[in-house]
Amino acid sequence: MNVKTVKELIELLKGTDVTELEWASESDRIRIVRGAVAAQDRGASHQRESAEKSPSIAAKEKPTVTITSPLVGTFYRSASSESPPFVQVGDRVKKDQVLCVIEAMKLMNEIESHIDGIVTAILKQDGERVGYGDQLFIIEEA
Amino acid sequence: MTRWHLVREDRCPSLTNMEQDLSLFRSVLDGSREATFRVYNWDRPAVTIGHHQARFTPRDEGLSLPVVKRPTGGGAVLHGDDLTFSICAPENGPFPGGITGACTEISRIFARCLRDMGLDARIQGDSKSFSEICFQRSSPVELCLDGRKIMGLAMLRRSGCILVQGVIPLRVDASLASRVFGKEHGSTEGLCDRLPWLDPAELIDRLMAAFSA
């Protein structure tokens, strides 16, 4: 099970009435429950992955936190069109480090990591429209 | 009670204006100031564009104007003779209620000062419209006079603090505006074009008093 597969499964559920999906392969298993409790903190919300994994996988992988969008707007990976991205997959990030900008109307809203960790997935494209609660990043706790 | 740092400047170069706003914002971010309110103008016509606007080319490509990026969002603004301002404050400081609450409260302060000068300024807006040009669009919290937007606001939220940049055009060079944005440019009149008797210095005095109260 890799992050890409998890992302594809999450995308698969969007726009459907499915509230729970369990997916298994020879080596591991994942259960995704939609509408799980989300904690909000300073504008950006975090959502713990509601995933159950086989004991062997759980032992190898650290907990992850999903950074979601606190508002509707346009997702930008860099400070400006001339700047490099704030973060790349694999980057180690610190708590309060800026991960992206969401521009809504005339507001530039910087979204920060709320934990120390490693970026394991970036779930939106630069310039993509995002909605409230859309998943943006998966951060593996350090 | 918030201790406001008030800055009143006259006409400055466009780049200096943006750098000064950012410098004040950093002073609030690092805690050396509680909140700041700065009023300024422009030493020559210039265009500011939103932080994520990739580029801006005047409609008349032969026109040479400084084009500088704002640290905030929003569309392109032609500055000439303006009442331009910036406000820096913690999110949970003098304007509680989130970003919309802050914009509403700031607009209320301006509306109150304008009403004290005998103008029927109101807060209204229309979030449905969108344009790359600031004064051709409005949001739910825009300051209007006789139904027309007179003040543009743009914002940056960083590390629990907000930077709000705003502008009230005082006198608009309609010919220049047309060369910059085309003939369909939405705002060809500034506040003093419509109300020649209005004294901008009095409005600034009232604003300074309102923010220091």
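Me: Is Asp96(A) buried, partly exposed or exposed in this predicted model?
Reply: Asp96(A) is found in the loop between β7 (92-93) and β8 (98-104) of chain A. Its relative accessible area is 34%. Buried requires a value under 20% and exposed a value over 50%, so Asp96(A) counts as partly exposed.

Me: What is the phi of Asp96(A) near?
Reply: Most residues other than glycine have a negative phi. Asp96(A), a residue other than glycine, has a positive value. The phi of Asp96(A) is near 75°.

Me: In which loop is Asp146(B) found?
Reply: Asp146(B) also has a positive phi, near 55°. Asp146(B) is exposed, with a relative accessible area of 64%. The residue is found in chain B, in the loop between β8 (142-145) and β9 (148-149).

Me: With which side chain does the side chain of Asp60(B) make a polar contact?
Reply: Asp60(B) lies in the loop between β3 (46-49) and β4 (67-69) of chain B, and at 27% relative accessible area Asp60(B) is partly exposed. The C-alpha atoms of Asp60(B) and Phe181(B) are separated by 8.2 Å, although these residues are 121 residues apart along the chain. The polar contact of the Asp60(B) side chain, at 2.8 Å, is with the side chain of Arg179(B).

Me: What is the area buried between chain A and chain B?
Reply: The size of an interface is often given as the accessible area lost when the parts come together. The contact takes 15 residues from chain A and 23 residues from chain B. In chain A, Met105(A), Lys106(A) and Met108(A) lose the most area to chain B, together 42% of what that side buries. Carbon and sulfur atoms give 50% of the area buried between the two chains, which is about 1700 Å².

Me: Which side chains meet in a salt bridge across the interface of chain A and chain B?
Reply: Across this interface the rule finds 1 salt bridge.

Me: Which strand gives the largest share of the side of chain A that touches chain B?
Reply: Between the chains, 12 residue pairs are in polar contact. The side of chain A that touches chain B has 5 nonpolar, 4 polar and 6 charged residues. The largest share of that side, 5 residues, comes from strand β9 (residues 107-112) of chain A.

Me: How many residues apart in sequence are the parts tied together by Arg38(B) and Glu9(B)?
Reply: Arg38(B) forms a salt bridge with Glu9(B), with the closest N and O atoms 2.4 Å apart. Arg38(B) lies in strand β2 (residues 35-42) of chain B and Glu9(B) in strand β1 (residues 4-12) of chain B, so the pair ties together parts that are 29 residues apart in sequence.

Me: Is Asp21(B) buried or exposed?
Reply: The side chains of Asp21(B) and Arg38(B) meet in a salt bridge, at 2.7 Å from N to O. Because Asp21(B) lies in helix α1 (residues 14-29) and Arg38(B) in strand β2 of chain B, this pair ties together parts that are 17 residues apart in sequence. Arg38(B) has a relative accessible area of 0% and is buried. At 0% relative accessibility, Asp21(B) likewise counts as buried.

Definitions and conventions: Residues numbered from 1 in each chain as written. Chains lettered and ligands numbered in written order. Predicted model: local features only at pLDDT ≥ 70, side-chain atom pairs only at ≥ 80, totals over all residues. Heavy atoms only, no water. Contact = heavy atoms within 4.5 Å. Buried area = accessible area lost by both parts, 1.4 Å probe. Salt bridge = Lys/Arg side-chain N within 4 Å of Asp/Glu carboxyl O. Polar contact = N/O pair within 3.5 Å; in protein donor to acceptor, adjacent residues only side chain to side chain. Helix = DSSP H or I, 4+ residues; strand = E, 2+ residues; numbered from the N terminus. Nonpolar A, V, L, I, M, F, W, Y, C, P; charged D, E, K, R; others polar. Buried < 20%, exposed > 50% of the residue type's maximum accessible area, 1.4 Å probe, protein only.
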